[in-house]
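Thank you all for coming.

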Amino acid sequence: MSVQQDHDGAEVAARVERRWATISAIIIVLLVALAAFAGIHRVTMPQPRVETIDPSRLHLSGEFVESNLGTALEPDGSVIVRAIGQQYSFTPACILVPAQTPITLRVTSADVIHGLFIRGTNINTMLVPGYVSEQFMRFEKTGDYLMPCQEFCSYGHEGMWGKVRVVDKADFDSRAKNGGRLSCVGE
Ligand code: CUA
């Protein structure tokens, strides 16, 4: 190999390397732009669904009066759970739901911001006073799940937790057949 050929080879290698470096840089810039767009777009758009409620009147009338809290069996076989978070407890403190059933969780806060997290699941929502949080969930297996408040809500925060009890569907149906609202408080 002559000195000239060596030189040509090095030039080709340098050119190819530059080209690939440019392509990698373009890919990185594109990914950053996509991530930035997705993030900014999301935070600047209004929520797809916002439901407001007067937190000072929850106990007086409407969906979240005490007698309406707990688990309700709907005519279509699904279940709606209504609950409230307040300093420093959940009402009901023990939520009873059937396994293998679509569940709609509707919760709100009576005072400050709380969080509702069901351990061992991906169910995690904030309870913001003035707003109704809605989450869909489904449990395949029966059992008890801890439900701690996961948003710091003042000095009693660490003592604020509830429980979700998932029972057999037939067991739930027999308890629900008399109507009304179910919970596992005191069981
Ligand atoms: Cu409620 Cu922390």
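This is a predicted model: local features need pLDDT of at least 70, side-chain atom pairs count only at pLDDT 80 or more; totals for chains, interfaces and linings use all residues.

Residues are numbered from 1 along each chain as its sequence is written, and side-chain values use heavy atoms, with hydrogens and water left out.

Taking a disulfide as a pair of cysteine sulfur atoms within 2.5 Å, the count comes to 1, and the bond joins cysteine 94 to cysteine 184 with an S to S distance of 1.9 Å. The two partners are 90 residues apart and link distant parts of the chain, cysteine 94 lying in strand E4 (residues 94–98) and cysteine 184 in the segment after helix H2 (169–176); helices (H or I, at least four residues) and strands (E, at least two) are DSSP runs, numbered from the N terminus. The torsion about the S-S bond is about -90°, so this disulfide is left-handed.

Cysteine 94 is buried, at 5% relative accessible area, and cysteine 184 is buried at 2%, where buried means under 20% relative accessible area, exposed over 50%, and partly exposed in between (1.4 Å probe, protein chains only). Cysteine 149, at 6%, and cysteine 153, at 4%, are buried too.

Turning to serine 78, this residue sits in the loop between strand E1 (70–73) and strand E2 (79–86), and is buried, with a relative accessible area of 15%. Leaving aside residues up to four places away in sequence, serine 78 touches Ala72, Leu73, Thr101 and Pro102, contact meaning heavy atoms within 4.5 Å.
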